[in-house]
Amino acid sequence: MHKLLIRGGRPLEGEVVVSGAKNAALPELCAALLTAEPVQLNNVPHLQDVATMLKLIRNMGVTAQRDHHSGVQINAGALSNPEAPYELVKTMRASVLALGPLLARFGRATVSLPGGCAIGSRPVDQHIKGLQAMGAEIVVEHGYMIARLPEGRTRLKGARITTDMVTVTGTENFLMAATLAEGETVLENAAQEPEIVDLAEMLIAMGAKIEGHGSSRIRIQGVERLHGCTHQVVADRIEAGTFLCAVAAAGGDVVLRHARPDHLDAVTDKLRDAGVDVQAAPSGIRVRSPGGAYLKAQGFRTTEYPGFPTDMQAQFMALNCVAQGTATVTETIFENRFMHVNELLRLGAHIQIDGRTAVIEGLGHRGQKLSGATVMATDLRASASLVIAGLVAEGETMVDRIYHLDRGYDCMEAKLRALGADIERI
């Protein structure tokens with residue numbers, strides 16, 4: 001099993017290229033199932049979740065070929081098996097995104113109930129209710145969602161869908177399914193994340209008729225067929241935000257190429273309040289920091305985009321651990337997303353948990369530092385927080401179970417090493 005060995009205390013200097021967004025690439029790979037024509041996706045990150053999704057669609061009879069850069073060509077013209085089996089779905093919740101496209105194009109789909117990080121309940125009932133509103137018949141049997149169109153129907157029908165909560169993957173599933181539905185679909189209470197906007201732009205390039213993406217109300221006019229396209233996956237705002245927090249904590253001067261400042265306002269506002277210099281740069285973001293001990297801890301509350309992202313909570317908490325003052329962090333999205341706290345405590349952090357609220361007393365005002373230790377990654381973003389903590393801790397930090405990290409970060413240790421960090425995979 002791979003681990004990361006980090007010797008802390010080095011500032012970060014230089015440039016890093018932000019990879020394509022995992023949370024855009026995964027639904028866009030599924031969107032390629034909507035057409036029998038070739039689709040070219042560029043800037044696809046090299047991640048375990050992407051490899052799993054490629055394996056999943058190949059299992060359906062899809063041709064999916066990676067090139068020597070970051071491109072993937074998908075051809076679903078010969079798709080013969082509209083099924084996502086448990087063996088491939090159990091490690092990745094995003095597999096549920098195959099349900100909408102398969103049902104829309106083939107009128108049937110069998111998709112296992114999904115797995116993924118154990119950060120809290122993420123039910124699929126909203127997906128099922130929304131697709132049922134579009135005329136699908138769906139039953140859950142033996143751990144599978146079995147969906148089909150009623151006898152006599154060849155297409156889903158447009159509908160007005162209002163979800164009980166804001167759901168990113170739900171919005172994406174409905175968006176893809178509605179492109180081939182008969183008539184108009186209106187998504188109310190839609191998620192507004194940049195990855196959804198990117199998916200919509202890809203679907204429009206394939207011939208879909210979509211308005212309002214990026215707002216809470218999306219209108220889709222169904223078409224009879226979609227065609228192939230070439231699409232560039234948007235830069236990963238969570239990877240960019242993670243590197244912003246890493247530089248803020250370790251200190252230094254780094255340019256993040258391809259990072260989108262307009263996708264990170266909630267994070268950069270908090271970093272500036274903490275005392276970090278964050279500026280838009282040509283084709284990216286420049287971040288300069290004197291180091292976490294000179295910064296002021298910042299409280300925040302996670303919420304749906306454009307609020308502070310839950311996927312950045314753990315990384316910013318690591319920064320708060322070494323800053324000055326006390327900060328309160330409230331997690332409103334997932335009920336079990338403080339699993340990294342016990343590991344940060346092993347490094348010497350001062351954190352108290354009360355339900356969904358964490359109170360972090362920074363070490364900066366005491367003149368103390370985190371101290372290296374062996375810690376264990378518990379989920380994807382928790383693993384990133386431990387890497388950030390290891391970059392500033394005295395001595396050696398060993399991060400175990402980094403397969404979580406590989407699910408969502410493309411060559412993280414290589415990028416950090418190029419910035420001057422003492423980090424290696426063993």
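This is a predicted model: local features need pLDDT of at least 70, side-chain atom pairs count only at pLDDT 80 or more; totals for chains, interfaces and linings use all residues.
Local features require pLDDT of at least 70 and side-chain atom pairs count only at pLDDT 80 or more, while totals for chains, interfaces and linings use all residues. Residues are numbered from 1 along each chain as its sequence is written, and side-chain values use heavy atoms, with hydrogens and water left out.

Helices (H or I, at least four residues) and strands (E, at least two) are DSSP runs, numbered from the N terminus. Two strands pair if DSSP finds at least two bridges between them. Strand E9 covers residues 144-148. Four of its five residues are buried, where buried means under 20% relative accessible area, exposed over 50%, and partly exposed in between (1.4 Å probe, protein chains only). E9 pairs with strand E7 (residues 108-112) in the antiparallel sense, over five bridges. In this pairing, alanine 109 stands opposite alanine 147 of E9. Strand E8 (residues 137-141) also runs antiparallel to E9, and five bridges join the two. Here glutamate 137 faces arginine 148 of E9. E8 and E9 form a hairpin with two residues between them. Histidine 142, in the turn, has a positive phi of about 55°.

A nonpolar core is a set of buried Ala, Val, Leu, Ile, Met, Phe, Trp, Tyr and Cys residues joined through side-chain atoms within 4.5 Å. The largest such core has 77 residues. Those with the most contacts inside it are Met60, Ile74, Leu131, Met134, Leu156, Leu175 and Leu203. Helix H1 (residues 22-31) supplies the largest share of this core, six residues. Another core lies apart from it, with 73 residues, among them Ile6, Val16, Val247 and Ala248. Contact means heavy atoms within 4.5 Å. Neighbours within four places in sequence aside, leucine 175 is in contact with Leu187, Ile196, Leu199, Ala200, Leu203, Ile210, Ile218 and Ile220.

A search of the whole structure finds three aromatic pairs. Rings of Phe, Tyr and Trp (its six-membered ring) pair if their centres lie within 6.5 Å; planes under 30 degrees apart count as stacked, over 60 as edge-to-face and the rest as tilted. Phenylalanine 300 and phenylalanine 308 form a stacked pair, at 4.0 Å centre to centre and 25° between the planes. Both phenylalanine 300 and phenylalanine 308 are buried. The rings of phenylalanine 300 and phenylalanine 316 have centres 5.4 Å apart and planes at 70°, so this pair is edge-to-face. Phenylalanine 300 lies in strand E18 (residues 300-301) and phenylalanine 316 in helix H10 (residues 313-322), so the pair ties together parts that are 16 residues apart in sequence. Phenylalanine 300 counts as buried because its relative accessibility is 6%. Phenylalanine 316 is buried as well, with a relative accessible area of 0%. Ring pairs link Phe300, Phe308 and Phe316 into a cluster.

UniProt lists Lys22 and Asn23 for "binding site" in an unreviewed entry. UniProt positions are given in the numbering used here, feature names are shortened, and annotations may be inferred rather than shown by experiment. The lining of the second largest cavity includes Lys22 and Asn23. On a 1 Å grid over the protein atoms alone, a cavity is a set of points where a 1.4 Å probe fits but cannot get out; lining residues have an atom within 4 Å of a point.

Lysine 22 is placed in helix H1. Its relative accessible area is 7%, so lysine 22 is buried. Asparagine 23 is also found in helix H1. At 27% relative accessibility, asparagine 23 counts as partly exposed. Beyond neighbours within four places in sequence, asparagine 23 is in contact with Glu172, Glu195, Asp311 and Arg381.

The "binding site" feature (unreviewed entry) is also placed by UniProt at Arg93, Arg122, Pro123, Val124, Asp125, Gln126, Asp311 and Ile333. Aspartate 311 sits in the loop between E18 and H10. It is buried, with a relative accessible area of 17%. Not counting residues up to four places away in sequence, aspartate 311 touches Asn23, Ile238, Arg337 and Arg381.

Methods
On a 1 Å grid over the protein atoms alone, a cavity is a set of points where a 1.4 Å probe fits but cannot get out, and a pocket is an open set with protein on both sides within 12 Å along at least five of seven lines; lining residues have an atom within 4 Å of a point.
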